[in-house]
Amino acid sequence: MPDMLREATESDQEMIRRWRNHPKVRQASHTTHEIGEREHARWWSGVRADPARRVLIYESAGTPCGVVTFSEHDRVAGSALWGFYFDLEGLWQRGGLPPARAGLGPAALAYAFEVLGLAVVRGEVLADNAGSLRLHREYGFVETGREVRETDGGPREVVQVECVAADSDRGGASPAKPARRGSDQ
């Protein structure tokens, strides 16, 4: 069964919250506190009310194993901000983290460039999250800036990254070969 992304549904909500509350996911996030049911319900309600936001479930071999979000979708600029996290506990138990890491990015970029019609996917990574920075580079993202931002864990350096569709200058998009810009590859 091939890897795929699907729209998250109401029945996915507890799974999404459980994955997001994993200590390692919280540590790598702008919001580090444990997210309660009410806070999660408000977030989900906001997602459902905003057509510029998408929450997707990444499945590998038919098993849900990650969440991909797209927000700040600017149709005029052809860009959106993405984020993702994995079912760390389940993937560790199944030994499936390396294949999920390898598959999520290409699936998400294909969705962004083909389904959403984006030319640019932007991201924000905490500077001390070396694993995510490396993964973004593997997915074809390049660093575009840095800033210190206040998070609920205190001030932290945030790295801005982006991935440009390979043929975005021709009005189309190809997820197969994201353009690599810059010299930090």
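How many residues lie between β6 and β7 in their hairpin?

A: Two: β6 and β7 form a hairpin with two residues between them. Before going further, a word on the ground rules: this is a predicted model, where local features need pLDDT of at least 70 and side-chain atom pairs count only at pLDDT 80 or more, while totals for chains, interfaces and linings use all residues. Numbering starts from 1 along each chain as its sequence is written, and side-chain values use heavy atoms, with hydrogens and water left out.

Now to the hairpin itself. Strand β6 covers residues 142-151 and runs antiparallel to β7, with nine bridges joining the two. (Strands are DSSP runs of E, at least two residues, and helices are runs of H or I, at least four, both numbered from the N terminus; two strands pair if DSSP finds at least two bridges between them.) To pick out one spot, R146 has V159 in β7 as its bridge partner.

β7 has another partner too. Strand β5 (residues 120-126) pairs with β7 in the antiparallel sense over seven bridges, and there L126 stands opposite V158 in β7. In a regular strand, side chains alternate between the two faces of the sheet.

How covered is β7? Nine of the eleven residues in the strand, which spans 154-164, are buried, where buried means under 20% relative accessible area, exposed over 50% and partly exposed in between (1.4 Å probe, protein chains only). C163 is buried at 0% relative accessibility, and C65 is buried as well, at 2%. As for disulfides, pairs of cysteine sulfur atoms within 2.5 Å, the count is zero.

Over in strand β4 (residues 79-86) we find S79, buried with a relative accessible area of 9%. Setting aside neighbours within four places in sequence, S79 is in contact (heavy atoms within 4.5 Å) with E72, H73, D74, L118, V120 and R122.

Zooming out, the protein chain has six helices and seven strands, in the order β-α-α-α-β-β-β-α-α-β-α-β-β along the sequence. Of its 185 residues, 47% count as buried. Among contacts with a separation of 6 or more, 58% link residues 24 or more positions apart. The chain exposes about 9600 Å², with carbon and sulfur atoms supplying 50% of that; the areas come from the Shrake-Rupley method with a 1.4 Å probe.
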